[in-house]
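Let's take a friendly walk through a protein model, a few pieces at a time. Have the structure open beside you as you read.

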Amino acid sequence: MKKLACFPKKPVDDSKPVDDFNHSSSKFSCFQRPLRGLFSSLLYFLAFQVSPFWIQLSYFTTLSLLGYLALKVSKPRTTSFMPSDIDMFFTTVSSLTVSSMSTVEMEVFSDTQLVIMTTLMLVGGEVFTSMLRLQFMRSKYTRKANRENRVELASIDYISSNFTIFSGQVELGLVTLPQAQNDQPCPNIEKEIEASHGEHLKYQSIKCLGYVVLFYLLVVHVVGSAMVALYLNLVPSAKEVLKNKGLRILTFSVFTVVSTFSNCGFIPTNENMVVFKKNSGLLLVLIPLLLFGNTLFAPSLWFVIWVMAKVTRRVEFNYMLKNSGGIAYDHFLPGLYSCLLAITVFGFIFVQFLLLCFMEWNSGDLAGLNSYQKIVGMLFQTINSRHAGESIFDLSNISSAVLVLFVLMIPTSELDNKTSLIYIHSPSWMGKNNAYLPPQTSFLPINSGDQKTSQKGEMKTKKKYVEHLLLSQLSYLVIFVILICITEREKMKEDPLNFNVLNITIEIVSAYGNVGFSTGYHCRLQLKPEPHCKDLCYGFVGRWSSAGKFVLMLVMFFGRLKKFSMQGGRAWKLD
């Protein structure tokens, strides 16, 4: 019987000592090779055979269950109040989907639970998950490189007999093939070499891009945490807030930076950022993190790549700048598009800032602040309306006009990189807005202009058919609002001032946009006052039924994965 390679025969000659360390290390490396192959095969299967939607859904579902178990096992800060199971799972989903919808007060959670939530927000953030997608892309090109990118010149017969070229001496077309004087160039060989070189360069560019995104992620978190911790140590008023609440500076700094950059919006204090509204320096530190982790991530990434290309002169960075579309990374856009996207972001901020200043300058929430503090606070609030959902206001006190504008800006908040001043491409169906239903409205789940099919295109046709069955984003929001109105219909009758359609819509849209704004619940608005009612610092959803909370968890999942349904609504023809 033949021995396995990992278990060779022991030497017969006992006079020669055996190096136990080298022997064990060789056995370890022998076991390591199959594990690498298995891991590579798994990545290849996920990259090619499984839809990205199911991969991300499994990713978020698995981490939600693990996060729930971790929060459940760890003990809260106080033993007088223990969150229910559904509130624990809701908090886990809210952290992982970076939605910051809350059903319990934040100061209930212990330091251990805050660390768990920090981890969930980090791995659930768009920048981190996009970095994982780059790894899948690398595995795809690694498998191609092993099979196609190595040009085997030994199998190529040249006319001249003066040269014998071995395939192992050629590195992906980086050397020039020698030719005899009487030889004629082979165009097919040159094309193969050029194609293999292009594929190799693309692979190296994706590899470099993954390192750049990782570097970007680490630098922002390390520098941001250091700046927040430094500010808290230098400013007595901010340090006193944490001391009174029993929060550690390091825990607060890391939690806040991760939450802000991932655009989650959770803050370890019950009042969110209301207690820091006079600390303009802290707000100014967090504002860039809000932008760099969301709508300005793509322009910032392009700028970093441009700087690296100028400094290092590496061909991979120049390739990325010239072939941004070929990289197929959603957040790496062409230079012009990145600039116009940045201009659009600042334009939206400017319009919202002016409206907020005009409507809320004399608001009671800003009482006691000077002009500088008001300007910084309103700028912070404006940016959060499209991003994390951190707040220095009580949203129930903000005018309806500002709330409507916030609701309008929320659905375009999550890194879709499509809202800009440049019109790149828009299919014909996008010009037909199904926000209203004219008499000619019909449901046609086929593309009448594409009747030709082939065997190769059969799978694509099925995929397009499924896409045609999807509804538009507005349709899903309406459906979710209707579901919540059904689950909370009794409370809407008994407590109509709190449970009104506007508050429910804001909660749904905020959860769908993964922003986290909430109008909260107020005992003073009850028509039938409850004697033991107490205003608590958590979201409006905290007063919903278990069924309503479950629906909102679905909304958060759906909102986190909404990029897979952005092309919905094609089947509805309005003319």
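## Two helices side by side

Where α9 passes α14, the crossing is left-handed. Keep in mind that this is a predicted model. Helix α9 covers residues 280–292 and helix α14 covers residues 371–384, and the two pack at an angle of about 25° with their axes 10 Å apart. Angles under 35 degrees count as roughly parallel, so α9 is roughly parallel to α14.

Which residues of α9 and α14 make the contact? On α9 they are S280, L283, L284, L286, I287, L290 and L291, while α14 brings Y372, Q373, V376, G377, L379, F380, I383 and N384. Sorted by type, the residues of this contact are 11 nonpolar, four polar and no charged.

## A glycine in a loop

Now look at the loop between α14 and α15 (400–409), where you will find G389. Is G389 buried or exposed? Its relative accessibility is 6%, and buried means under 20%, so G389 counts as buried.

What is G389 in contact with, once its neighbours within four places in sequence are left aside? The residues are N384, V515, G516 and F517. G389 and C264 are 125 residues apart in sequence, yet their C-alpha atoms are 7.2 Å apart in space.

## Helix α20

Finally, find α20, a helix of 15 residues spanning 546–560. From its first C-alpha to its last it reaches 21 Å, close to the 21 Å expected at 1.5 Å a residue.

Which residues of α20 are buried? They are G548, K549, V551, L552, M553, V555, M556, F557, G559 and R560.

Methods:
Residues numbered from 1 in each chain as written. Predicted model: local features only at pLDDT ≥ 70, side-chain atom pairs only at ≥ 80, totals over all residues. Heavy atoms only, no water. Helix = DSSP H or I, 4+ residues; strand = E, 2+ residues; numbered from the N terminus. Expected span 1.5 Å × (residues − 1). Buried < 20%, exposed > 50% of the residue type's maximum accessible area, 1.4 Å probe, protein only. Axes fitted to C-alpha atoms, helices over the stretch in contact; angles between N-to-C directions. Parallel < 35°, antiparallel > 145°, perpendicular 65-115°, else oblique. Left-handed = near helix turned anticlockwise from the far one by under 90°. Contact = heavy atoms within 4.5 Å. Nonpolar A, V, L, I, M, F, W, Y, C, P; charged D, E, K, R; others polar.
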